[in-house]
Amino acid sequence: EEKGIDFTIRHIVKETPTKDEFLAWQKIAGVDKKKFVNTNGKKYKEMGLKETIDAMSEAELFELISADGMLVKRPILVNDDFVLIGFKVKEWEERF
């Protein structure tokens, strides 16, 4: 708000993005599918995803994380021509 930017807040855990949204955002961001996953989260560890994530297709992984927002890396900022995943001060400062 202090930068004069319009935005909409979406609670990722309560309103988890769909598989198709993740696929579209990955295309815009040009990043590996794993960037969207909260690899430090309890759920990730409990599910043993470290051992299986590489074998999953993008569609399979995004279907899985779209069913549980706790598996999603946050925050995600989506714009028409870029997507920021997680909060890295330098990346955010470069955009704003």
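## A cis proline, a helix pair and a nonpolar core

Pro75 sits in the loop that links α4 to β1 (76-78). Welcome to a predicted model, in which the peptide bond running from Arg74 to Pro75 is cis, with omega near -10 degrees. That is worth a second look, as most peptide bonds are trans.

**How α1 and α4 meet**

- Helix α1 covers residues 19-29 and helix α4 covers residues 58-66; the two pack with their axes 8 Å apart, at an angle of about 125 degrees.
- The pair is therefore oblique, because an angle between 115 and 145 degrees is neither roughly perpendicular nor roughly antiparallel.
- The crossing of α1 past α4 is right-handed.
- On the α1 side, the contact is made by Lys19, Phe22, Leu23 and Gln26, while α4 brings Glu58, Ala59, Phe62, Glu63, Ile65 and Ser66.

- Lys19 belongs to helix α1 and is partly exposed, since its relative accessible area is 27%, which falls between the 20% and 50% cut-offs.
- Setting aside neighbours within four places in sequence, Lys19 is in contact with Ala59, Phe62, Glu63 and Ser66.

**The largest nonpolar core**

- This core has 17 residues, and the members that touch the most others are Phe22, Phe36, Ile65 and Ile76.
- Two or more residues come from each of α1, α4 and β2 (83-85).
- The top contributor is α4, which gives three residues.
- Ile76 touches Phe22, Trp25, Phe36, Val83 and Leu84, when residues up to four places away in sequence are not counted.

- Ile12 lies in the segment before α1, and its relative accessible area of 10% makes it buried.
- Between Ile12 and Arg74 there are 62 residues of sequence separation, yet the C-alpha to C-alpha distance is 7.6 Å.
- Arg74 is also one of the residues Ile12 touches, along with Pro17, Gly69 and Val72, not counting residues up to four places away in sequence.
- Val37 lies in the loop between α1 and α2 (42-46) and counts as buried, because its relative accessibility is 2%.
- Val37 and Arg74 are 37 residues apart in sequence, with 8.7 Å between them in space, C-alpha to C-alpha.
- Leaving out neighbours within four places in sequence, Val37 is in contact with Tyr44, Ile53, Leu61, Ile65, Leu71 and Lys73.
- One of those contacts, Ile65, is also among the residues that touch the most other members of the largest core.

- Lys45 is part of helix α2 and is exposed, because its relative accessible area is 54%, over the 50% cut-off.
- Lys45 touches Thr39 and Asn40, not counting residues up to four places away in sequence.
- Lys45 and Asp68 are 23 residues apart along the sequence and 14 Å apart in space, C-alpha to C-alpha.

Notes:
Residues numbered from 1 in each chain as written. Predicted model: local features only at pLDDT ≥ 70, side-chain atom pairs only at ≥ 80, totals over all residues. Heavy atoms only, no water. Axes fitted to C-alpha atoms, helices over the stretch in contact; angles between N-to-C directions. Helix = DSSP H or I, 4+ residues; strand = E, 2+ residues; numbered from the N terminus. Parallel < 35°, antiparallel > 145°, perpendicular 65-115°, else oblique. Left-handed = near helix turned anticlockwise from the far one by under 90°. Contact = heavy atoms within 4.5 Å. Core = buried A, V, L, I, M, F, W, Y, C linked by side-chain atoms within 4.5 Å. Buried < 20%, exposed > 50% of the residue type's maximum accessible area, 1.4 Å probe, protein only.
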